[in-house]
Amino acid sequence: MLGNWYQTGVSADADGAYELAAVRPGRRTIVFSFVGFEKVSRTLELSAGDTRTLDITLGTGTVGLENVVVTALGVDREERSLGYSVERVSGSDVAEAPEPNVMNNLSGKVAGLNVTGGSGGLASTPRVTIRGESSLAGSNRPLIVVDGIPIDNTPNTQGSDAQTTQVDFGNGLSQINAQNISEMSVLKGPSAAALYGSRAADGVILIETKDGSETDGIGATVRTSVTASRPLRLPDYQNEYSYGNGGEFAYVDGTNAPGWNWGVRMDEGVERPQWQGPRNEAGNLVPTEVTSAPNKVRNFFNTGTNVSTDVAVRGGGENSSFRASLSRSDRTGIVPNTNLDRTSTSLSASYDVTDALTVDANANYANTTSDNLPSSGYGSESIMYYFTWGARHVENDLLKDYWQEEGTQQAHYDRNWTNNPYFQVNENTNGLERDRLYGGVSARYEFTDNLNLRARTGLDYSNQGTKQRKAFSSITAPNGWLQEADRTFTEWNSNLLLNYTREVGDFTFEPSVGANFMRQTRRNVQLTAQALSVPDVYNIGNARSNVQADERDEAQEILGVFASGTVSYQDMLFLDLTGRNDWSSTLPLDNNSYFYPSASLSVIVSDLVEVPEFLPLSFAKVRASWAQVGNDTDPFRLTNTYTFGDAWGSTQTVVSEADLANANLQPEITSSYEVGTNLRFYDGRAQLDVTYYRSTTRDQILSVPLAQSTGYNSRLVNAGEIRNTGVETRLQLSPIQDWSGFGWDVSLNWTRNRSTVVELADGIDTFVLGEGPFGGSAQAREGGRMGDIYGRVFDRVEDPSSPHTGEIIYEDGLPQLTDDVEKVGNYNHDWRGGIGSTFSYENLQLNVLFDVRKGGLLYSNTHATGIEGGSLEGTTRARNETVVGDGVVQNDDGTYSENTEEAAYVTWLRTYYDRPNVESNSFDATYVKLRELSLRYNFTPDWLTRAGVQNVGVSVTGRNLFLWTDVPHVDPETTISGGDGQIPGFEVQQIPSTRSFGMNVQLDF
């Protein structure tokens, strides 16, 4: 209970009794609050010498500790006071069924947050955006802040062959232990994130870790979990026709391998010479029956496992608290011989040195190792590439003994296109060793009850070593190959924040000023041996020729000063103003300073006006905010630099970069506003949150093409404008709160966003956001949307006066494609939503979460190449027949008539679904996933209570259990690697996503 005219207020005793003494005469408002109860205020007219008795009953509700949110710079605020949208997810929601990357556990739970799972296996990096894509060339990734310290979250993929195969080694969030998370907060707009500086232009995700502050004495938690996973979805392969072409097949020596499955019928007594078949006395292969291997793909994959153990000890007293944890996780993937192991430890402590000085410190260390992570994408290093082009009739057992000549020649029926899959996963490995240390120290000094100073400094350090190798006889490295890379990242972040609070009558003023300094360095060293001298010796000194060496060192600094102020009136009206100025080392001296302000307003309407008793409305708030955020660029973009090339004899050469630098670059600026409302009905049993937002990002830093005669491919300019508009809604219901021990809560969220390209640079009408396979691409064009997919499509009749308008044009019985690319669709979903439900009965709790994505477009390279290779279902219907395609032919006079010319079915099918045809190989990416299911039971047997156990929790969990979609063969939740991130809208031989089942046991002492 606080008096508005008091600096500190008073607290009630255990019986609820209180006394406010020496109250000044006049109109006074008293606010009564308690954690877990609705806040109540009463306004009185007091005269000198008055004595009043005021008895108040607080109703239970949602206003309390759960409505205190962590905002920018770690400042705790009541949610009612915020003029912008912040959404929170509790640590228990993340930790119950954790994924290797904690971001995946937010999918479907937060309105406006788009999480798209990666497709690279164990360490897959999800694509995370908040409120759409605002930057043409930037990462569009939100800033990740752990306990007040920003951490690096850059995607970490490396190529594994000369084609498009990639290895995903995981980003920074893959090393955060979900069991240590207390809460995650999503700051969605620039207003919420403005004080974090330029790196927060795309929003902020705050992670608060557990500490010992709520423990009285010593406590401990021990948790063990076991999880098993299997492929969620595999392509539907045909089992009627063998390897071969033109209806024939005969193995000779592997050099004639067709890479297609247009061969003979299987399981019908057809005999042909086969790889590993019997030989006669003359050494010639004896024909044997060609039979199918229908389960070869499913049987190839293992059951992935994860065994993890977490131990945490915590303690608290009057002046101090601590928490220490140790965790070990051992994962094996569904791809054989892949693993990902992590050991992590954390320590946090808080100590009240004096009544005025409090010091907090935390440190987190993680070591992640892998003997092998899988390659994905289109190339011979990819397992799914093998199943696309590999023989449908060859059983896996014949391939497991994968050496024909130990160390020098793999045993395989195909020496043209693919590697033996067991050779690939056991010999061509991608090893990882990463050490990560992050944490910080902060001190808070209370000069008075109204004035305090907080100083914080933190470190994020990581060192990563990768070792990728290829054995002799690999398709892309017949003499072996080795690449070793070492990456070191260091960031120091320090800030000061001076806070002041003053209450004057009915007003409360809370000004703050501060400063921030960030220094970031990166060092990448890579050594490559394009061929090896001695087989099976993976040492860079074993290079057959000169070692290719690449080294890059970068440094970046940002200095910022900021100020903020909050003015509140009677705890009903709240006005926030902020301003920050940054100086960035990556921008020119004349343009390296940029200022950005913000303003927000929150009005508690239900306190401002009296709500009629007949209305079920128990709380109503309206809010509005406006903000600007600047953004700088990467190092080395002001002056052209040189890289070392191959030596010319004894003379070292250097090569200029392909992009022409620009010494006059200016910062990007994002301006946004949002309006919203929070409504609660029936004493908080129904809660509705609706937000409309609009943001515009201008002066984008783009690379635009130049004529080759200039000696450069492109130049950097400030140009372009992107506009995002959207609506976010969140509805929380408690239909049953306590009915004979039974409870039921429902949570729904829905988001719709549109990112529009308002303008590009002068003379530029197309900006490529990302390249897909075989000519498809995601492009930005003026007037279009971010994420528009372009590619070649069917050539159709365009004459509006023709009765055949829109029909496909045929020549020689085959459909034709356009020469130019056209817009096919957009990879962004029309809308996204999540439906969560929690059922509880006494100590039993069931949680269910559905993740819904409506619309969007996905180009499937698995579909295109699987049709071309005759591997997929749908390619067997009429292999030996002809077909007349549905379309028209152009007559000599320019008119059109119905196509009547026959074509061989196989030729027609492969032409219709030709790889460059983005139209025929793209599908509506709508899907629904049963994202999460968990059943938990808490109990404490008497015999364990005597041993000091306070609670035993046993749970069974499932992730990604079911998928409903019209996309054939693959999971539509996928991305490909490109540039500085992941590109949605394209699927390229993805490693299958997984469904997982787990069991957890937790003991709390």
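## A walk through the predicted model

Let's begin with an open sheet of three strands, ordered β11-β12-β22 and paired in the antiparallel sense. Strands here are DSSP runs of E with at least two residues, helices are runs of H or I with at least four, and both are numbered from the N terminus; two strands pair if DSSP finds at least two bridges between them. At the edges stand β11 (157-159) and β22 (375-376), each pairing on one side only.

Before going on, a word on the ground rules. This is a predicted model, with residues numbered from 1 along each chain as its sequence is written. Local features need pLDDT of at least 70, side-chain atom pairs count only at pLDDT 80 or more, totals for chains, interfaces and linings use all residues, and side-chain values use heavy atoms, with hydrogens and water left out.

Moving on from β12, the loop between β12 and β13 (181-187) holds Ser 174. Ser 174 has a relative accessible area of 13% and is buried (buried means under 20%, exposed over 50%, partly exposed in between, with a 1.4 Å probe and protein chains only). Leaving aside residues up to four places away in sequence, Ser 174 touches Pro 100, Asn 101, Arg 342 and Arg 434, where contact means heavy atoms within 4.5 Å.

Now for the charged pairs. The whole structure contains 44 salt bridges, each a side-chain nitrogen of Lys or Arg within 4 Å of a carboxyl oxygen of Asp or Glu. In one of them, the closest N and O atoms of Glu 728 and Arg 131 are 2.8 Å apart. Glu 728 belongs to strand β39 (residues 714-739) and Arg 131 to the loop between β8 (127-130) and β9 (143-146), so this pair ties together parts that are 597 residues apart in sequence. Both ends are buried: Glu 728 at 2% relative accessible area and Arg 131 at 9%. The two also belong to a network of salt bridges that includes Glu 87, Lys 188 and Arg 730.

Another salt bridge links Arg 931 and Glu 973 at 3.0 Å, N to O. Since Arg 931 sits in strand β55 and Glu 973 in the loop between β57 (963-965) and β58 (975-978), the pair ties together parts 42 residues apart in sequence. Arg 931 is buried at 3% relative accessibility, and so is Glu 973 at 8%.

Next comes a second open sheet of three strands, in the order β54-β49-β60 with mixed pairing. Its edge strands, β54 (922-924) and β60 (986-987), each have a single partner strand, so one side of each lacks a neighbour in the sheet. Strand β49 (residues 857-860) runs parallel to β60, joined by two bridges, and Ser 860 has Glu 987 in β60 as its bridge partner. Helix α7 packs on this sheet, touching β49, β54 and β60.

The last stop is helix α8 (residues 905-912), where six of the eight residues are buried, so the rest of the structure largely encloses this helix. The buried residues are Tyr 905, Val 906, Trp 908, Leu 909, Arg 910 and Tyr 912. Among the elements covering them are α7 (861-868), β50 (882-884) and β53 (902-904).

Technical notes. Axes are lines fitted to C-alpha atoms, for helices over the stretch in contact, and angles run from 0 to 180 degrees between N-to-C directions.
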